[in-house]
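Subject: Structure for you, with notes on cavities and a helix contact

Hi,

Here is the structure I promised. Please open it next to these notes.

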Amino acid sequence: MSEEDSMIDRPAYMDWLERWRGKDVIKVVTGLRRCGKSTVLKLFRERLLKQGVSPERIIAINFESLDENYPTEAKPLYDHIVSRLTPGGINYVFLDEIQHVHEFERAADGLYVRDDVDLYLTGSNADLLSSELATRLTGRYVELRMLPLSFREYRGTRPATESPEQSFNRYLLYGGLPYAATLDDDQDIADYLGGVFNTILVKDIALRHPRINTNAFNDVASFLADNAGNITSIKGMADAMKQTHRGISPTTVGEYITALCENYLLFRADRYDIKRKAYLKTLEKYYLGDPGFRFWFLGKTGGDLGHRVENVVYLELLRRYRFVHIGKVGTTEVDFYTPDPNGDHYYQVSPSAMDEGTLTRELRPLKTIGDNHPKTLLTMDRVGEGDHAGIKQVNILDWLLGE
């Protein structure tokens, strides 16, 4: 089965596109390479055709396709698209991996102001929205940040005979990139994940950071894959890596972390002081953009199960909320704090809380928070679920599959 054949439906993202269809904003879809951006837009175009939109009113360009040469300068691209517009109604224009177009924001601006264009852009680099697009088109775009498959979506790709626990073990190890979910052989999955990582390194990171040392970069990425969920400082990382890796300066470590985050291979979770309502500048944590990259770097080595599960929960919270932080409560820590217009939420994550001491430790930070916002302890346990003085204890698989 090829990647093109593995078109997995992503209903939440399709609903988002439908909700914003025809509205006077640019729809910008961002996310990790191979997480499914192009597939979702292809499925959306198919939906438009089924709803009666004429094929002549749909223009789709993938700037990484070799099927046709497209202009990669702003004005020639604008002219090329305008020449293909069908008069007398709305044209749906999809520009995939738009970051390959020089000054693409000028072309986007020109198309946006036209009454006959509904514009959709995708990109695999966070610079898409930190560039002039953000300042030139302030208030004129909405962003859909796509992630690899949720566990609920992943379950839909697995055989019906596979139990949720078996699926979760696979998901924890191999991650949620859509095509990887269709593979069963360890070596095939490793080769595929390595191909995705190296494509990002060559096509995205090395072009923007031409002086990068790829061996040192891989060392930093591997270290972070093995330490996802640990409290991290750049200096501490550089010092720790000196013990087992080549010497890499804190400045270089910081640059490589930035590059990993720019390309959604890594997410940074900042710390937030819940009592003082203030963001803290130190002791942040990093989580992998897909758990499978740990398998690519480290194979099936166990690592800290708690942090690996935490990584999955973090990504799920990013799907459900816009922002996810590490919470500080006095001298204790709440794994995740999610500020939200509909109400904040606090989460603790532990593989098990069957031991009374562990349960007490996990509940303590949540109990010290003085507000009435929801508080949840997520565990893999099937015993002990319920309510602890207002704090809900929920099985992680049920939580992942339930919303």
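**Cavities and a helix crossing**

The largest cavity has a volume of about 70 Å³. Keep in mind that this is a predicted model. The structure holds three cavities of 30 Å³ or more.

What lines the largest cavity? Its lining consists of F197, A221, L224, A225, L260, L265, L266, L288, F293 and F297. By class, that is 10 nonpolar residues, with no polar and no charged ones. Helices α10 (214–226) and α13 (292–298) each supply at least two residues of this lining. The most comes from α10, with three residues.

Next, the second largest cavity. Its volume is about 40 Å³. The lining is made of L172, L173, P291, R294, F295, G299, T301 and R308.

Now the helix pair. Helix α8 covers residues 164–174 and helix α14 covers residues 305–320. Their axes come within 10 Å and cross at roughly 90 degrees. Angles of 65 to 115 degrees count as roughly perpendicular, so α8 and α14 are roughly perpendicular to each other.

Which residues meet there? From α8, they are F168, Y171, L172 and L173. From α14, they are L305, R308, V309, V312 and R319. By class, this contact has seven nonpolar, no polar and two charged residues.

Best wishes

Definitions and conventions. Residues are numbered from 1 along each chain as its sequence is written. This is a predicted model: local features need pLDDT of at least 70, side-chain atom pairs count only at pLDDT 80 or more; totals for chains, interfaces and linings use all residues. Side-chain values use heavy atoms; hydrogens and water are left out. Axes are lines fitted to C-alpha atoms, for helices over the stretch in contact, and angles run from 0 to 180 degrees between N-to-C directions. Helices (H or I, at least four residues) and strands (E, at least two) are DSSP runs, numbered from the N terminus. Angles under 35 degrees count as roughly parallel, over 145 as roughly antiparallel, 65 to 115 as roughly perpendicular and the rest as oblique. Contact means heavy atoms within 4.5 Å. Ala, Val, Leu, Ile, Met, Phe, Trp, Tyr, Cys and Pro count as nonpolar, Asp, Glu, Lys and Arg as charged, and the others, Gly among them, as polar. On a 1 Å grid over the protein atoms alone, a cavity is a set of points where a 1.4 Å probe fits but cannot get out, and a pocket is an open set with protein on both sides within 12 Å along at least five of seven lines; lining residues have an atom within 4 Å of a point. Grid points are joined across faces, edges and corners, and a volume is the space filled by probe spheres set on the points.
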